[in-house]
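Thanks, everyone. Let me put the structure up, and then we go through helices, sheet and a loop.

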Amino acid sequence: MLRLRGASRWFGRHRVFSGLDLDVPAGTRLLVTGGNGSGKTTLLRCLAGTLSLTSGTALVDGHPAGSSGARRAMGVCLNPEQGLYGRLSGRDNLLLAARLRLPDAAARRMVAEVEDEFEIGPFARVPMQRCSAGMRARVTIARSLLADPTALVLDEPARSLDERARGLLWAALDRRRHLACVVVSHQSEDRNQCERTLTLPVRR
């Protein structure tokens, strides 16, 4: 479902990673670890298509990362507390994202479903700029699951979540066992939720 072949990413003369081959089949959760500067977020961005590889290929469900087909297949949460429209409520942020992929009735139905899953209802109508980091993270993670993606990348999804919300996150992923999921996390309990681990070295 997610595939890298000969993947390299450089920033100027700094090599982040190179010659990376990776397969994440459907139904697999891969935990990515490594020290600061090892390229964990860079790797997710290359899979999500928000950053291009310097060389090599990245495929999402057979489509080049960043292409329209890959974007349809991919759910992305790269910064759980950011990336929302602060003046809009959580519900309106979700509806705005859902309507980019779905007809209005289907968008409303799916937003209602993820609101229930992440217990967003009590603050669904509150502008995001007035919400806590944990509340914003719930909305951002829920947004990544709209339109039933087949692949998912999550960057430190639980760092602002309390124990209850972390349980909601993993319960939501358990209901989507078909996903090819790549997670960057420093949370020790997240290791137990992933079948495989990739550790990236820090390059000097």
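Start with H3 and H4, which are oblique to each other. The cut-offs: under 35 degrees is roughly parallel, over 145 roughly antiparallel, 65 to 115 roughly perpendicular, and the rest oblique. Here the packing angle is about 135 degrees, with the axes of H3 (residues 90-99) and H4 (residues 104-117) 9 Å apart. Axes are lines fitted to C-alpha atoms, for helices over the stretch in contact, and angles run from 0 to 180 degrees between N-to-C directions. H3 and H4 cross in a right-handed way.

Before going on, the ground rules. This is a predicted model: local features need pLDDT of at least 70, side-chain atom pairs count only at pLDDT 80 or more, and totals for chains, interfaces and linings use all residues. Residues are numbered from 1 along each chain as its sequence is written, and side-chain values use heavy atoms, with hydrogens and water left out. Helices (H or I, at least four residues) and strands (E, at least two) are DSSP runs, numbered from the N terminus.

Who makes the contact between H3 and H4? From H3, Arg91, Leu94, Leu95, Ala98 and Arg99; from H4, Asp104, Ala107, Arg108, Val111, Val114 and Glu115. Contact means heavy atoms within 4.5 Å.

Now the sheet. It is open, with five strands in the order S6-S7-S8-S3-S9 and parallel pairing. Two strands pair if DSSP finds at least two bridges between them. S6 (74-77) and S9 (196-200) are the edges, each pairing on one side only. On average, neighbouring strands are turned by 15 degrees against each other, direction ignored. S6 and S7 (residues 151-155) run parallel, joined by four bridges. Met74 has Ala151 as its bridge partner in S7.

Two helices lie across this sheet's strands. H5 (residues 133-144) lies across S6 and S7, at about 165 degrees to S6. H6 (residues 163-174) lies across S3 (29-34), S7 and S8 (180-184), at about 135 degrees to S3.

Ser132 sits in the loop between H4 and H5. Ser132 is partly exposed because its relative accessibility is 37%. Buried means under 20% relative accessible area, exposed over 50%, partly exposed in between (1.4 Å probe, protein chains only). Ala133 lies in helix H5 and is partly exposed as well, at 28%. Leaving out residues up to four places away in sequence, Ala133 touches Glu81 and Ser160.

Methods
A crossing is left-handed if the near helix is turned anticlockwise from the far one by less than a right angle, and right-handed if clockwise.
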